[in-house]
Amino acid sequence: MYQRILQVKLYRNKRNSLLYGVLLAAVLLSCIPLGVNAGGDALVVQSTTSTANSGFYDHILPLFEKAHGIKVNVVAVGTGQAIRNAIRGDGDVLLVHAESDEKQFVQAGWGLKRFDLMFNDFLLVGPAADPAALSEAQSVSDALTRISGDEVLFASRGDDSGTHKKELALWSAAGIDPSGASGGWYRETGSGMGATLNIAVGMNAYCLTDRATWISFANKRGLTVLYEDDPPLFNQYGIILVNPKKHSHVNAQAGQTFIDWMIGEAGQNAIASFRRAGQQLFFPNASP
Amino acid sequence: MQEISSSFAIAFSLIGALDADLMEIVGLSIRVSLFAVGLSLLIGLPAGAAIAIGRFPGRFGLIVISNSLMGMPPVVIGLLVYLGLSRTGPFGVLGLLYTPTAMVIAQTFLITPIVIALARQTIEELNSEYAEYFASIAISLRYRVMTLLWEGRYGLMTVCLAGFGRAISEVGAVMIVGGNIDHLTRVMTTAIALETSKGDLELAMALGIILMLLALMVNLLLALIRPTESFGKKNAAATY
């Protein structure tokens, strides 16, 4: 009985069989190798949005891959999350910018050794009208005091990233605790660097950003650099191999090859040659 | 608004040039989401049919649970799958984190409740519609389920579409378990998020336009298979 119904139905829809064929083929095609290049010998680097958003890895990785034939997969998250992911064993190399946290990571045994890799600096950006007169500030602390004093909008990363940690350290050095104003003039976005800049653009807010992201950021609109070139705004990046004794699956050999290349002559030259809008974004400073 | 028109220009020039990176990203998006839809159909159709036809203790609870799981935020699913697949998680030894397979798993979790809930509803309605017919021919349960699935195929196609739409458009889960790795786990939505955070809003929007065109094509294909409303009714009237 069921078969009779089936036949009748099939007959009536015969003209659709071609379309069914197309659909079926599409589904079958989709099932072909998904996990082919999954994992394998590829290296996983836990890194930051500030490096990834500037296009740094698009410049560096092809050079390294060409030299050593090792595929590098970069996961770009905030420094805090990158360190936590590495502690969980979900990465072979850590490339971040929060020196004291990095040293703690190594001391606790999660990483083998920390190397200085490169640096640039942070900037305070804000609306061109500059209502808090940051361009007249004498120091970073003075600049932040003007922002909190005038209660002008400030967009904070609020995501435990390297830039966020730096920002909190700067507030603390200025003797200001902005947390009470959270939701008021102090807006914690909980997002990556570029996303936070987009928000700052939308709100006409001040913001602390790293220079690399800022230079390559394409949606500046009314935002402009208002305070820069000050030693406290120094931004150091470090590179660490995750300890294979803590996580036996860590691809230590490839990881060490990557680190040796990055802190060696070829890698340091590659870092120096990375330019956006005619400007150098990262300055190599690994000690030989 | 001029960004939107220039986004369209970028979108069409990318499509016209068959940009290799774009094709790779689009291809991965489709494959991951189709695979997830296929898996969730395998799980969800029998489960939905069982809940629709069966009368067993806990059935009411299952209905409520599957209905509420439809509203599960992708980012929570992503987090759960991340914790499971992370090296220190229970399935860490498989080394699946940051692979397309991990993305398929996350999306399968995401859309299976949708398939179960919608399939249950479709089949339940048909089942009560055909109740007398089934009673009159004393059909076995297996044939009953198969007949209902076949008769409800157009309704179930909408279920597939809903699942596919949810899978291909979500970003929260694949971002966490895939890691948005270039040439490995980057899909349309994570690429859009990345370009947005680079401040390249026009390229991000262009990718969004391409994603919408893709959805349009999938829907068009299914609309061609499905008979029109009046045709469907005539069909039903002629048979019964």
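Author: Happy to! Let us begin with the chain as a whole. Among the contacts in chain A between residues at least 6 apart in sequence, 75% link residues that are at least 24 apart. Please keep in mind that this is a predicted model, with an ipTM of 0.80 and a pTM of 0.85. Chain A contains 12 helices and 12 strands, and 42% of its 288 residues count as buried.

Now for the domains. Chain A splits into domain 1, made of 43-120 + 236-284, and domain 2, which covers 121-233. Taken over C-alpha atoms, the centres of domain 1 and domain 2 of chain A are 26 Å apart. Where the two touch, 19 residues of domain 1 of chain A are in contact with 16 residues of domain 2 of chain A.

Let us stay on the domain 1 side of that meeting place. Two helices of chain A, helix 3 (49-53) and helix 5 (79-87), each supply at least two residues to the side of domain 1 that touches domain 2. Helix 3 of chain A gives the most to this side, with 3 residues.

Chain B has an average pLDDT of 88, and 94% of its residues score at least 70. Over residues 230-240 of chain B, however, pLDDT stays under 50, and the model has 5 contacts beyond four places in sequence for that stretch.

Key:
Residues are numbered from 1 along each chain as its sequence is written. Chains are lettered from A and ligands numbered from 1 in the order in which they are written. This is a predicted model: local features need pLDDT of at least 70, side-chain atom pairs count only at pLDDT 80 or more; totals for chains, interfaces and linings use all residues. Domain bounds come from an automatic or database domain assignment. Two residues are in contact if their C-beta atoms, placed from the backbone, lie within 7 Å. Helices (H or I, at least four residues) and strands (E, at least two) are DSSP runs, numbered from the N terminus. A residue is buried if 20 or more other C-beta atoms lie within 10 Å of its own, exposed if 12 or fewer, and partly exposed in between; C-beta atoms are placed from the backbone. pLDDT is the predictor's confidence in each residue, from 0 to 100.
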